[in-house]
Each structure stands twice: as C-alpha cells, then as structure tokens.
Amino acid sequence: MRYLLVEDNVELSEAVIKRLTLDGHAVDHAATLAQAEDYLAAASYDLILLDVMLPDGDGREFLARRRVHLETPVIVLTARSQVSDRVGALDQGADDYITKPFDFSELEARCRAVLRRRGGSARNEIVLGPVIFDLLSGTLKRDDETLELRSREIRLLEIFARHPGQIKSKSLLMDRLFSYETTVTENAIEVYVGRLRRRIEAVGLRIETVRGLGYRLEIDAP
C-alpha cells in the first residue's frame, strides 16, 4: 500500500514512517497542508493519515474541502480526546480516527480495517482459487502447504491479488511500492517480480509477463 502521512511532528512522523516501511508499505510525508496538496496532485494513495493541527491550517477543514473529490480513505490523527472532536472529524469525511499518543499496533490495525471496508471485505484474506492469501500473517495456504512471504513480497502480491488477471505495468508497481524519496528503476521491479514469481509457483499461482505492457497474476485450476 502507498500512504500519505500529513504530520508536522518530526519525531512522530519518523516513527510512523519507520513502522509502516518495515511492514512493506511506501510512505510519503507532508509536514503541511500545502505539501499534502502537492502530493495529492501528483500521485494516488491507498490511505491518508491526517493530523488535525498543522502549521498552515486545520486538517479537518482540509478534509472537508477535499472530500467531495477525494475518494482515498482518511484516518485522522488527533490529540483531542473530546467526543465532539472525534464526531466532528467523522462528520467531515474521515473514515476513522486515532487519538495521540497511540500504539503502533493499533494504528496498523485501524489502517487494515479501513482498507478492508473500502475493499468491501471484513477479513484479512484474499481467496485465489484454491489458495488463501492471508494479508496479516503474510502467508499463502493451499491444502496442507503454507508459504511465508517477506514484507515486500506481501505488498507486491497484494497489488496483483486484488485484481487477478489484470495487467499491472512496471510504472504502476513502482508507484504503489515506493515513496518519492526512494530511487528505484524498472530493473528493480523486474527483480522483485521475478523473486515473487519463483516463490508462489509452489502453490499454483503464476505471474505472467505481458510483453510491452507489464505483468498479471494467473491462478491454476484446483
């Protein structure tokens, strides 16, 4: 997943970015609402983590302005514990909120829950024919066989697994897997896809190369 973190607290931002990156996500960081606008104009995101009080304005007002045109789910980060503040954030378009200080495991769980709801699912699993892809544990299960994936492999497979058979270009994969601060080439994408391809063949999943276009996930019959 690709996240946009809008937070001016340097220490908190670094901690959140580190945690989400270790989990295989790409994170872009904006310290102001103006920077957030620039990021949103240049890229699409799976989830936005939005602070309430920022140097150049109120995150809730920013959310209310953009919500008409913004389909990306938003979790508001707030130090305010009053019920009215939390209700106000939800009424202005937030999908969820979390109160500072927060435990990172709770933040991750809330992110997963919001993304599941947006995807129309109540579970952390994607069924791929005879294979069950558990996003939380990062495992592929088929009959009595279980394959454990690494964090980057999990996120890469998730991109394919949400739309089996759909072609994903190298540029799209680069955009979804890496932040702007990360320098990556199309050759690196080929390496990541090649490694994942070799690993998932054991459970009957195949990543096919579509010459000149990209890659797509195919599922073997049971």
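Predicted model: local features only at pLDDT ≥ 70, side-chain atom pairs only at ≥ 80, totals over all residues.

Biologist: How many helices and strands in the chain?

Modeller: There are 8 helices and 13 strands. Both are DSSP runs numbered from the N terminus: helices are H or I with at least four residues, strands are E with at least two.

Biologist: And what is the radius of gyration?

Modeller: It is 18 Å, close to the 17 Å from the globule rule for 222 residues, so the chain is as compact as a globular protein of that length. The radius is taken over C-alpha atoms, and the rule is 2.2 Å times the number of residues to the power 0.38.

Biologist: What is the strand order in the open sheet?

Modeller: The order is E2-E1-E3-E6-E7, 5 strands with parallel pairing. Two strands pair if DSSP finds at least two bridges between them. Strands E2 (26-30) and E7 (96-99) are at the edges with a single partner strand each, so one side of each has no neighbour in the sheet.

Biologist: Which residue in E7 is the bridge partner of Ile 75?

Modeller: Asp 96. Strand E6 (residues 74-78) and E7 run parallel and are joined by 4 bridges.

Biologist: Switching topic, what do E10 and E11 form?

Modeller: A hairpin, with 2 residues between the strands; Asp 143 in the turn has a positive phi of about 55°. E10 (residues 139-142) and E11 (residues 145-148) pair in the antiparallel sense over 4 bridges, and Arg 142 stands opposite Glu 145.

Biologist: Now the largest pocket: how much space lies in it?

Modeller: About 450 Å³. A pocket is an open set of points on a 1 Å grid over the protein atoms alone, where a 1.4 Å probe fits, with protein on both sides within 12 Å along at least five of seven lines. The volume is the space filled by probe spheres set on the points, which are joined across faces, edges and corners.

Biologist: Which residues are closest to its centre?

Modeller: Of the 16 lining residues, meaning those with an atom within 4 Å of a point, the closest are Met 1, Asp 46, Arg 162, His 163 and Arg 176. Helices H5 (104-118), H6 (151-161) and H7 (170-177) each supply at least two residues of the lining.

Definitions and conventions. Residues numbered from 1 in each chain as written. Heavy atoms only, no water.
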